[in-house]
Amino acid sequence: MSSRANRKRSNQSGGNPSSRKRVKRDTSAGAKKLFSRYVDAENADVILTDGMEKLCSDLKISDDDPALLALAWCMKCEDLGTITWEEFDCGLRKLGVTTLDAFKKCIPRLRDFLGEEKAHREILRFSFNAAKESSQKHLDIEVASELLKILRSGCPHTEQFVVFLGQHTKIKCLNVDQWTMWKDFADSIDYDYANYDPAGPWPVLFDDFVEW
């Protein structure tokens, strides 16, 4: 093989290692500059409430925009409402973002994730784990209701389900099966519930909701 062919093969495989390392450093530098805009005044290693509000303002989204949950999923955040440097860097790498303008342009893409079956299910499961208390295996009903309104916005079943949960004060939480199966229920059950089968593999909570 000629030396020219060798050089071509090297270029196609990504160039020399030092070049790849330089791109990696540049990406992190851009992410670090963005991260510094939002870090907590008393803790430079994390973005908290004030920083989240500024981030939403910069991205021109509200704090109940589903894009924010998709962003937290991309960042693999351990807790909703908190972003560490490692999580921020992880998410921006996944999105290929190094500037604020590029970050803004990613918002439609983040919303689109919720329209993709696999991604939507992953975001649902992620939201459950990130929103619940680490010591618990369930999601408090107030938090679950707020998340449902964001993730399933515009779904008539979900609107009614949230009302049902609010009126039945004995229901204190949702477990992971109830949480993840709600998507299947909302997507497959007719508006008048005519095709709902109580003998099907639904949680008892859904039986109670349909009877209500």
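## Basis of the model

The structure is predicted: local features need pLDDT of at least 70, side-chain atom pairs count only at pLDDT 80 or more, and totals for chains, interfaces and linings use all residues. Residues are numbered from 1 along each chain as its sequence is written, and side-chain values use heavy atoms, with hydrogens and water left out.

## Overall make-up

The protein chain has 12 helices and four strands. Both are DSSP runs numbered from the N terminus: helices are H or I with at least four residues, strands are E with at least two. Of the 212 residues, 41% count as buried. Buried means under 20% relative accessible area, exposed means over 50%, and partly exposed lies in between (1.4 Å probe, protein chains only).

The chain exposes about 12500 Å². Carbon and sulfur atoms supply 49% of that area. Accessible areas come from the Shrake-Rupley method with a 1.4 Å probe; for residues, only the protein chains shown count as cover. Among contacts (heavy atoms within 4.5 Å) between residues at least 6 apart in sequence, 63% join residues at least 24 apart.

## Salt bridges within helices

Side chains of opposite charge can pair when their charged atoms come close. A salt bridge here is a side-chain nitrogen of Lys or Arg within 4 Å of a carboxyl oxygen of Asp or Glu. The whole structure holds 10 of them.

One joins D89 to R93, with the closest N and O atoms 3.1 Å apart. Both residues lie in helix 5 (residues 85–95), four residues apart, or about one turn of the helix. D89 is buried at 12% relative accessibility. R93 is partly exposed at 33%.

A second pair is E117 and R121, whose closest N and O atoms are 2.8 Å apart. These residues sit in helix 8 (residues 117–131), four residues apart, so about one helical turn separates them. E117 is partly exposed at 44% relative accessibility. R121 is also partly exposed, at 33%.

## A bridge between helices

E117 forms a salt bridge with K183 as well; here the closest N and O atoms are 3.0 Å apart. E117 lies in helix 8 and K183 in helix 11 (residues 176–188), so the pair ties together parts that are 66 residues apart in sequence. K183 is buried, with a relative accessible area of 4%. Salt bridges that share partners join E117, R121, R152, K183, D184 and D187 into one network.

D79 is found in the loop between helix 4 (66–75) and strand 2 (83–84). D79 is partly exposed, at 38% relative accessible area. On the surface, D79 gathers with E78, E133, D140 and E142 in a patch of negative charge. Patch residues have over 30% relative accessible area and no salt bridge; like charges are joined within 9 Å, and nonpolar side chains (Val, Leu, Ile, Met, Phe, Trp, Tyr) within 5 Å. Asp and Glu count as negative, Lys and Arg as positive; His and the chain ends are not counted. The place of a charge is NZ of Lys, CZ of Arg, CG of Asp or CD of Glu.

L80 lies in the loop between helix 4 and strand 2. L80 is partly exposed at 29% relative accessibility. Leaving out residues up to four places away in sequence, L80 touches L69, A72, F126, S127, A130, A131 and L147. The C-alpha atoms of L80 and A130 are 5.6 Å apart, although 50 residues separate the two along the chain.
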